[in-house]
Amino acid sequence: MAVYNAVSKDTESSPEQVAQLVNSMIQEDLLYLLAHSIRLLPFESRKDCQSVFSYTFRFKPTHSSSPEPPALAHVVHRRPEVIVELCRGYGYQESAMPCGVVLRELLKQHEDVAAIILHDESREKERAISVDEIDPGQGPLQSGDGVFWKFFPWIDGGAFEELLTRHKALVAIYLERNFDLFFSRYNSVLVQSSSYVTKRQSIKLLGEILLDRANYSIMTQYVESGEHLKICMTLLKDDRKMVQYEGFHVFKVFVANPHKSPPVHRILVNNRERLLRFLPTFLEDRTEDEQFTDEKSFLIRQIESMGPLPQ
């Protein structure tokens, strides 16, 4: 309660008092204890805990020469287990919301936090990886057991999208190095999910990832796969229009690619007649969406003009 009172706007505290309290929290490892135990607290206490984290990670002493808030610097360089425990808090209904709010705030501003989440593979009670140990372009490939991979079922929480779209250069290197594992998990857990919300959000996010210029090499590798195209074409036949719509924006990347791989070229040519019958009436009620109508017409022309696969 003393910690919450110090950071609450309803209580007047001098910067010196707050700095002293933040320093004590660091020395006593209170941030880790809160992150590890937040799910066990009563509802109101979890809300207070969220406020403590948010304020503490932003607080900088008045005359500090460091560019980073001291609590954040301590966590990313010396106590990354705090970040990992906040991520694990997503796995519990009681703590998913406060942990998610804190993580989204951190991910919006701090690439080091994203790097820790992406690269840490520690288990419960093991030492987590610090930002000083991370070299995005080097080191072993991911096993799929780290904390980042636990985020896939939690896509509805928002932090997953923030993580994959905010720090573009870092994520592009990570996805390129772990391409097969990432998209295998992404397609099976998310794109082919039985949950409408999960399915729709994941397809929309997939389109954003592929169409981002920072991910050009990832996009070219993704659209070379005939299996990826088959999954995408199945989405076009979904009985829910928004799934069809989001799937269309992934499908168009395959068709518009001027350097189609032989498997992709073969699938499109073999299905040309069916596609040319299907696309003209596809989502035809979107009459006010001129961009969609233009893109659909473009894809029809591209498919019409495709010749046989070169020998």
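Predicted model: local features only at pLDDT ≥ 70, side-chain atom pairs only at ≥ 80, totals over all residues.
**Figure 1. Cysteine 49 and cysteine 99 have their sulfur atoms 7.7 Å apart.** A disulfide would need a pair of cysteine sulfur atoms within 2.5 Å. For cysteine 49, the closest cysteine sulfur belongs to cysteine 99, and 7.7 Å is too far for a bond. Cysteine 99 is likewise in no disulfide, its nearest cysteine sulfur being that of cysteine 49. Are these two side chains to be looked for in buried or exposed places? Cysteine 49 counts as buried because its relative accessibility is 5%, and cysteine 99 is buried as well, with a relative accessible area of 0%.

**Figure 2. Threonine 56 sits in helix α4.** This helix covers residues 43-58. Threonine 56 has a relative accessibility of 1%, so it counts as buried. Which residues are in contact with threonine 56, once its neighbours within four places in sequence are left aside? They are Val22, Met25, Leu31 and Ala71.

**Figure 3. Helix α8 is mostly covered.** Spanning residues 111-119, helix α8 has 7 of its 9 residues buried.

**Figure 4. Helix α16 has its buried residues along one face.** In this helix, residues 262-270, the buried positions are Val264, His265, Ile267 and Leu268. Seen down the axis of α16, they fall within an arc of 165 degrees, so they line one face of the helix. What do the buried residues of α16 pack against? Their partners are α14 (226-236), α15 (241-256) and α17 (272-278).

**Figure 5. The whole protein has 18 helices and 0 strands.** This overview puts the close-ups in context. The C-alpha trace spans about 75 × 40 × 35 Å along its principal axes. Of the 311 residues, 48% count as buried. Among contacts between residues at least 6 apart in sequence, 69% join residues at least 24 apart. The protein exposes about 16200 Å², and carbon and sulfur atoms supply 50% of that area. As for charge, the mean positions of the 36 positive and 43 negative charges lie 5 Å apart.

Methods: Residues numbered from 1 in each chain as written. Heavy atoms only, no water. Helix = DSSP H or I, 4+ residues; strand = E, 2+ residues; numbered from the N terminus. Buried < 20%, exposed > 50% of the residue type's maximum accessible area, 1.4 Å probe, protein only. Contact = heavy atoms within 4.5 Å. Arc of directions from axis to C-beta. Areas by Shrake-Rupley, 256 points an atom, 1.4 Å probe, with all protein chains shown as cover. Lys, Arg positive; Asp, Glu negative; His and termini not counted. Charge placed at Lys NZ, Arg CZ, Asp CG, Glu CD.
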